[in-house]
Amino acid sequence: MRKYFYLLILISIMFGCSAVKEKTGRASAPGVYYEIPPDFNDPGANNEVIEKFSEFFSGLKIFIDPGHGGEDRRGRSPSGEVVEADINLKVALHLREFLSKAGAVVVMSREDDSTVDLKYRSVLVDESGADIFLSIHHNAPGGRNKGWINFTSTFYHARPGDYEHEPFERDLARYIQRDLAFIMGNSGGLGSFDGTYSDYSIYDGDGFSVLRETKTAAVLTECSFFTNPMEIARLQIEEFNRLQAWGIFKGMGRFFQNGVPEITFLRERSSVEDGNPVLFYSLEDESGIDPSGNKAYVDSLAHDFEFNPDENILKLTLDKPEPGEKIIRIICKNNNGIHSLPYERRILIK
């Protein structure tokens, strides 16, 4: 009797697991599974999320770059059923739809399977006047016998502490990474605590071309590995591609919901004191400014400054500089932990 009792338990567990799978996910092939959040397929809940974020996306210009395409279709799954360039484009088009509904102005490097030179993508971004640049990719392992590897990662340029590093980009990467990895049910890999990586971890001291050559604030996401058997099956499902875009959209929405501090040069207040140019900058954000995030650079070198927390004014005094052009860079952070967009201006000392 005990033998039959255990058999009945095993059968009930098998049927129970199957029922849960059908109720909470979508299965179009053996082993294909993913969760559908309540706000994804329900039109009312979906529009509610888009409407909530529209306050922060409205008027924002976002450049989306579906990686590869056209003559560059080398990234394929082992059997060739998944082409990275095509999946990148599908996710990008769905993301454009969500962002556009939320009031963002969306520009794309390509809208079909066309060839766009790698360096020309950066030119297109900067010429577009976009506020944000997002490059969408899928990954493949670097060695053989690693088809089991699968995780989600999001990259920012340079490393914290390097002059080229923009803290804003790392902040944005973290928000995108969290929601994208969560909705896909993926980890962030073992090379990073939160799934975000410096592009120097791939190309030391150089990074990705599209991040390095772009002046616009930029991040790059590797949604998953198109060489993993489970992921190969999921990436062929249009609904799953749309779900990936929904994760990116929500991550970006939560990011901008926390505000982005603005830096304004106060020309009328700036002057010359004892032969030294004195520059004033207003740092503004609804949540307030966290003084620990304030930084100033002159010609790529850290420079001393004064900060008035009552007025949120940063005062930068240049000590008898040589005549000529100077590059001024300011960074600040709000009380929600979000840094300012890249701020770099040239001034002429006469």
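**Helix packing and a pocket**

Mentor: In helix 3, N46, V49, I50, K52, F53, F56 and F57 meet W246, F249, K250, M252, G253, R254, F256 and Q257 of helix 9. This is a predicted model, where local features need pLDDT of at least 70, side-chain atom pairs count only at pLDDT 80 or more, and totals for chains, interfaces and linings use all residues. Residues are numbered from 1 along each chain as its sequence is written, and side-chain values use heavy atoms, with hydrogens and water left out.

Trainee: Why are helix 3 and helix 9 called oblique?
Mentor: Their axes cross at roughly 45° and come within 9 Å. Axes are lines fitted to C-alpha atoms, for helices over the stretch in contact, with angles from 0 to 180 degrees between N-to-C directions. Under 35 degrees is roughly parallel, over 145 roughly antiparallel, 65 to 115 roughly perpendicular, and the rest oblique. So helix 3 and helix 9 are oblique to each other.

Trainee: What is the hand of the crossing of helix 3 and helix 9?
Mentor: Left-handed. That label is used if the near helix is turned anticlockwise from the far one by less than a right angle, and right-handed if clockwise.

Trainee: Why is helix 4 called oblique to helix 9?
Mentor: Helix 4 (residues 84–101) and helix 9 (residues 238–257) pack at about 55°, their axes 8 Å apart. That angle makes helix 4 oblique to helix 9. This crossing is right-handed. By class, the contact of helix 4 with helix 9 has 9 nonpolar, 3 polar and 4 charged residues. Nonpolar covers Ala, Val, Leu, Ile, Met, Phe, Trp, Tyr, Cys and Pro; charged covers Asp, Glu, Lys and Arg; the others, Gly among them, are polar.

Trainee: And why are helix 6 and helix 9 oblique?
Mentor: Helix 6 (residues 167–184) packs on helix 9 at about 140°, with axes 8 Å apart. Helix 6 and helix 9 are therefore oblique to each other. Helix 6 passes helix 9 in a right-handed crossing, and their contact has 13 nonpolar, 3 polar and 5 charged residues.

Trainee: How much space lies in the largest pocket?
Mentor: About 860 Å³. Of its 37 lining residues, the closest to its centre are H68, H137, Y203, F208 and E222.

Trainee: What makes it a pocket?
Mentor: On a 1 Å grid over the protein atoms alone, a pocket is an open set of points where a 1.4 Å probe fits, with protein on both sides within 12 Å along at least five of seven lines; lining residues have an atom within 4 Å of a point. Strand 3 gives the most to the lining, 4 residues.

Key:
Grid points are joined across faces, edges and corners, and a volume is the space filled by probe spheres set on the points. Helices (H or I, at least four residues) and strands (E, at least two) are DSSP runs, numbered from the N terminus. Contact means heavy atoms within 4.5 Å.
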